[in-house]
Amino acid sequence: MEDLQRLETEIISAIVACDDLGGLEELRVAEVGKKGRVSLLMRKLGKMSPDEKKEFGPKLNGLKNRIIDGITAQKTNLEQQELNRRLLSEKIDITLPTPPENMGSIHPITQVMDEVAEIFTEIGFSIAEGPEIEEDFYNFTALNIPAEHPARQMHDTFYFPEDAEGNRKLLRTHTSPVQIRTMMSGPPPYRIIAPGRTYRCDSDATHTPMFHQVEALVIDKDIHMGHLKWCIEEFCRKFFELDDVKIRFRPSYFPFTEPSAEVDIGCAFKDGEILIGEGDDWLEIMGCGMVNPRVLENVNLDPDEYQGFAFGMGLDRIAMLKWGIPDLRDFFAADLRWLKHYGFAALDIPSLSTQGGGNELRERGGSSSPKGDRPPMNKKGNK
Amino acid sequence: MKFTLSWLKEHLDTEAPINEISEKLTAIGLEVEEITNPADDLAPFVIAEVLEAGPHPDADKLQVLKVNTGTEVIQVVCGAPNARAGLKGAFAPSGATIPTNGMKLRPTKIRGVESNGMMCSERELGLGDDHDGIIDLPADAPVGVKFADYKDMDDPVIEIAITPNHQDALGIYGIARDLAAAGLGTLKQRDMSPVKGTFENPQKVVLANPEACPVFAGRYIRGIKNGPSPEWLQKKLRALGMKPISALVDITNYLTYDMARPLHVFDADKLQGDIVVRLSKTGESLTALDDQDYSLEDGVCVITDDSGVIGLGGVMGGASTGCQPGTVNVFLEAAWFDPITIAMAGRKLGIDSDARYRFERGVDPDTMMPGIEYATQLILDMCGGEASDVTVSGTAPVISKTVPLRPGRVGHLGGVEVAESDIIGILSRLGFQVAKSGNKLDVVTPSWRCDIDGEADLVEEVLRIYGYDQIRSEPLPASSREINTGLNAMQRRVRTAKRTAAGRGLREAVTWSFLPSAQAALFADLKPELVLSNPISSDLDAMRPNLLPNLITAAGRNMDRGFRNIALFECGNQFASDTPEGQSLVLAGIRRGQTGAKHWAKGPQDVDAYTAKADAEAILSAIGAKIDNAQVVAEAPDWYHPGRSGVIRLGPKNILAWFGEIHPAIGKALDVKGPLVGFEILLENIPFSKSGKGNSRGPLRTSDFQAVERDFAFVVDRNLAAAELIKAVRTTDKKLISEVTLFDVYVGPGIGENQKSLALNVKLQPTDKTLTEEEIEQFSSKVITNVEKRCGGVLR
């Protein structure tokens, strides 16, 4: 018995002293392997008397188990030590820069169109489109702008050469022809927005020969100016991400609406910047009105049965206002520096399910001012 | 349209302050653009007296003045020849800004002598052209008093925007009438009673084209003296930025602004024979009062006499019969011209005159007689002389008409209930005559509102005076019938395509829809119906037949800025004809340089035709094109490199996209250094999944049996399309093969000169049992046989 006790002490000491996995395995084979010392002792059990068996059997088994447990524990221990050594040798410089992501971007015009579409589709509008090369009828005549009306001079129109019949096509000066085409394509009610490219023969610091508009048209039985006002307020509130927005309707004139109004939004002019939602100044942002009965007659609708409103605004302009973009001409220059500065990430898809309506809001930490998130870019840097 | 507050108050009795008037003007549709007050600019300027004037020690032309400003006596160095002791003038102290040149005065030394402030000339204060000397005021001018107060200049100038329907607001009287209707005061009436003629009008007028000029009132005034107009009139005109010329001219300008009534005065002694008002004939010409020569075409309404054309009716008078300081006898004209005739003539001739501006919007024909009478009164007052009878040729057009108004329409259209009595009150104050007729109102429009067309116009009149701010906003009601809402399939496709392109590293650009015709011609035969008649410049004269050229030139501009790697895309319409069908929606992209910047771990790759192909394929799959069913064939349009480009199509005809390297000749023609690669996705050509199939994707079918992969390398002819080899492999056992991947292309030693080696990985996925080694071997030999048979390929 004392021999067994001594044996155990000896083996356990050897296990604990062993400092490599190979040595540990050798120890295992030498003690508890098939021909190991402990295994050989256990073979002797077969030749013992039942009484001796009863005494030595459990002792030997206990010894074997404790040795195996000891070896396993030491193995885990040594493996851990080896892993730690390896990990220490595997250190990298985590400050090295990662490979560049080839970031693309979405143009502010697309972004603003998607935002506008999001706002209006949520209140039941669909999106209508139409040709950019238009006929006089759709662009002017049907909209109650007769040939020599002074209002036609407000539109500096691009024309194409006359055809054999003396008709000349033109580039649409507004997206209103889409309203006419919509009303001629099927019966009311209509609830559409029409975004798209528009053209006027005009080029200076604030005008480009091509720009973008979005118009809305709602025609039904009892639509009135109160509904128009609500729609525009809803739009301004969501687009400019303001809880409370000051809006002013001012009588104006458009041949295709009667009564007509221009819409001003409350703002402040500070240091050459326009801050929407602050101050006591006004900025004109769109034209609107009740569709002129003449226009309804021109598309064979009975103005005593159907009525409604239309409004229109410059998409480039509201993009400039929202994101603080100073120069309209830069929109169309395809300057990579500008596209990078004012562009949007591919997955930055406008969504009304975020509070306040836009992603910028969260980035700015909940500030309700739409300004300051995109300061004017500095053109000096090259890349 | 500009006017001063004092002039407005000649017509409107009101105590309202300027800001209230301004707000009301805007609220009723006469939008205030700017209010300026000359007194504000001149606030620091005071009347000062020169006490002493002595020579400057160091300059012959300068004097050193001692000036009493009323609060102190200071030293001023002055270069004006008329500066002298005892002179009283306008003094600008240090700190003041000279309004006409923006110069801010500071204490200074002029040639070594201290000078504080400045004695000003008329021109420096914007009061006139005189700059020969400093202002020399009468001896009784009070020293120390503000110059603007002394000159009575505290009079705000209001500028309003005029919409095309408000011809009535082109006269200050009309503006006053609108304000009075809106409750801001009482309209005053001016005495414009007829001046009795003392002799018969000798000048005969013939109206040959009454459709252009239906009525013409004329009066002869003899024995006048055309000097400068009185100060009150000159001051009025100057306040609006007009230059006083002579009494006769100033009177016509006065009436134009005061009552929107243009008039003309001929020097009667220069008229030859009868006046005939008619339409011009091509070849006629005129030197107008602006000293410009105008050659006329047919159709301009002209005033003529025996000498030919002497005036452009309703637009501008002629130089030959204009009034001069020596004019003694005059013929005064008040007429009415057809707005469209005037608009066309004005536009053709490029003349923007106050007369044209009013006549093309419609002048009130009922101001013809009061206008000629009031002008006569003023001429006789200012120039003396004797007036004849007034002769009226023709008949004035009738502008007034009766428009029915159902009072309920105000609320139904406007969304605000206005009591019938208020409706009647507002319209009456605006000059409409209102009579009740059953349950509607018969409204007779006034002669100054030719724009009123129907009931909706009357609703606007009521609402703008009642106040747009009274309209309560109200949520849109449910549609009376169910309608489509949201984006349609094509709009969703565009959104996905754009954002996929951006996700692949391309930056979205928006470029002009037009381009130089020479560039358009590189991509399609130039169609005359797609070339603008009036382009903004010859660089922007043709509608784009393709999206690539603008992207390529944009790439060039960015290269000039130092960019080497360029990746741009645009989504928009291109034009094959001028019909709606000729317009098609395309997403095109262009790349140049490398896929990224240099990096320590992963070097960037040069972009090539395969980069463009990958762009096209990625966008096509994102928008749901069945790209596995599509063919890729080396057939692309001429603007691509013939050996490095292709088409992705469904069947032989339906082209989904083109891609490849841009033809070097295109790069050269557009002056952009290549190589450039590009792609075009013809968004409208991709079939939509059949409707009615719903959104179900069906169950996922997976196999429990082990998949097996085998690699093959085949030596094939160098010209064999890889797609052929892949197809040959795939068709060996369509059911068993789940994937074929080409992973190596080798050309070089070890294989024939006209050969290449293509290596493929084939994945087999059994669905009913695990494949045995024997079955795999059988499959491999079938692949080898098939490739040999169909592509002439040999296992390497």
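Predicted model: local features only at pLDDT ≥ 70, side-chain atom pairs only at ≥ 80, totals over all residues.

Me: How do the residues lining the second largest pocket divide by class?

Reply: That lining has 18 nonpolar, eight polar and 11 charged residues.

Me: What makes a space a pocket, and what makes a residue part of its lining?

Reply: On a 1 Å grid over the protein atoms alone, a pocket is an open set of points with protein on both sides within 12 Å along at least five of seven lines, whereas a cavity is a set where a 1.4 Å probe fits but cannot get out; lining residues have an atom within 4 Å of a point. The second largest pocket has 37 lining residues, and closest to its centre are Lys613(B), Val632(B), Ala722(B), Ala723(B) and Ile726(B). The largest share of the lining, six residues, comes from α19(B). Helices here are DSSP runs of H or I, at least four residues, and strands are runs of E, at least two, numbered from the N terminus.

Me: What is the volume of the second largest pocket?

Reply: About 1700 Å³. Grid points are joined across faces, edges and corners, and the volume is the space filled by probe spheres set on them.

Me: Why is the pair Glu570(B) and Arg197(A) called a salt bridge?

Reply: The rule asks for a side-chain nitrogen of Lys or Arg within 4 Å of a carboxyl oxygen of Asp or Glu. Glu570(B) and Arg197(A) come in at 2.7 Å, N to O, so the pair qualifies. There are eight salt bridges between chain B and chain A, and 61 in the whole structure, over all chains.

Me: What does the salt bridge between Glu305(A) and Lys221(A) tie together?

Reply: Those side chains meet at 3.2 Å, N to O. Glu305(A) sits in the loop between α10 and β11 of chain A and Lys221(A) in the loop between β6 and α9, so the bridge links parts 84 residues apart in sequence.

Me: How many residues does each chain bring to the contact?

Reply: 100 residues from chain B and 100 residues from chain A, with contact meaning heavy atoms within 4.5 Å. The two chains bury about 8400 Å², 57% of it on carbon and sulfur atoms; buried area is the accessible area (1.4 Å probe) lost on putting two parts together, summed over both. In chain B, Leu476(B), Arg499(B) and Arg507(B) lose the most area to chain A, together 10% of what that side buries.

Me: Which peptide bonds are cis, and what is their omega?

Reply: Pro188(A) to Pro189(A) is one, with omega near 0°, and Pro189(A) is in the loop between α8 and β5 of chain A. Gly674(B) to Pro675(B) is also cis, with omega near -5°, and Pro675(B) is in the loop between α18 and β35 of chain B.

Methods
Residues numbered from 1 in each chain as written. Chains lettered and ligands numbered in written order. Heavy atoms only, no water. Nonpolar A, V, L, I, M, F, W, Y, C, P; charged D, E, K, R; others polar.
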